[in-house]
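Student: Hi, could you walk me through this one? I'd like to hear about the sheet and the salt bridges.

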Amino acid sequence: CVAVLLPASSNSFVVSPALQKVRPPVQTVKHDVSSPKSQNPREAKTVLNVSPALEVVAPSYNLAIGTLVLASAFGLPGSPLKTKLTAIISGIPLLLFAAFIAFQTTSYRFTFDDNDFSLVKSDLSSSGENLVVGGENRWAYNKFVNYDFFPGEKFPILVYFKETQTPEDQWNVGPGEQANSPEAIAKGAVPGQVHFFPAIGDVQQIKSGFESHNCAKLP
């Protein structure tokens, strides 16, 4: 799917440059000791709520800044590329796109927990259903069949991955039709649901997360 991210809540927070691990508070076993009888372990009141560690990928504004620089090249006075035509056709749309990407970078986070890769709001609440194929924006590592960064890891614009968690009848929606074509399969592609997200998180941290959780990747 090609991601189109909707506005998030305003309750955002700052993530440190390093991949941050967030572990929610854990309530351990509690015993009511108000009476001798209650000290029997079998009769103790137990509250146990254990949440796995969550790795939050730091936001990256590189894509937004790069788009803004490109928009300036076509729209700023004195630029050798600026004309009335380029300012209208290229400068303004690129400026709006840069603002849109900056908003998404502020509003959303990629996360890794013990089992899944997810796209969530900046306050770590759910980002809702995927707008293209439905279902939560959360994918199990053992369902990955490939991942990559386009046009390249050193100049990332899109984060790409392919998975088999999505129901098979959705795999050919959007770019999946070409990615799962007989020609693509003959060249070594593995069938699955395709996802593209703008590179709004630190790509090196995303790559490290994919590798450390053993996500499948084609050679």
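Tutor: Here are some notes on a sheet, a helix and the salt bridges. This is a predicted model, where local features need pLDDT of at least 70, side-chain atom pairs count only at pLDDT 80 or more, and totals for chains, interfaces and linings use all residues. Residues are numbered from 1 along each chain as its sequence is written, and side-chain values use heavy atoms, with hydrogens and water left out.

Student: Great. What is the strand order in the open sheet of three strands?

Tutor: The order is 6-7-8, with antiparallel pairing. Strands are DSSP runs of E with at least two residues, helices are runs of H or I with at least four, and both are numbered from the N terminus. Two strands pair if DSSP finds at least two bridges between them.

Student: And which strands stand at the edges?

Tutor: Strand 6 (144–151) and strand 8 (193–198) do; each has a single partner strand, so one side of each lacks a neighbour in the sheet. On average, neighbouring strands here are turned by 20 degrees against each other, direction ignored.

Student: How many bridges join strand 7 and strand 8?

Tutor: Six, in the antiparallel sense, with strand 7 covering residues 156–163. Tyr160 stands opposite Phe196 in strand 8.

Student: Where does helix 5 lie?

Tutor: Helix 5 (residues 203–212) lies across strand 6 and strand 7, at about 165 degrees to strand 6. Axes are lines fitted to C-alpha atoms, for helices over the stretch in contact (heavy atoms within 4.5 Å), and angles run from 0 to 180 degrees between N-to-C directions.

Student: Switching topic: how many salt bridges are there?

Tutor: Four, counting a side-chain nitrogen of Lys or Arg within 4 Å of a carboxyl oxygen of Asp or Glu. In one of them, Glu153 and Lys207 meet at 3.1 Å, N to O. Glu153 sits in the loop between strand 6 and strand 7, and Lys207 in helix 5, 54 residues apart.

Student: What about Asp148, what does that pair with?

Tutor: Asp148 forms a salt bridge with Lys217, the closest N and O atoms being 3.9 Å apart. Asp148 is in strand 6 and Lys217 in the segment after helix 5.

Student: And Asp116, buried or exposed?

Tutor: Asp116 counts as buried because its relative accessibility is 14%; buried means under 20% relative accessible area, exposed over 50%, partly exposed in between (1.4 Å probe, protein chains only). Asp116 forms a salt bridge with Arg138 at 3.0 Å between the closest N and O atoms. Arg138 is partly exposed, at 30%.
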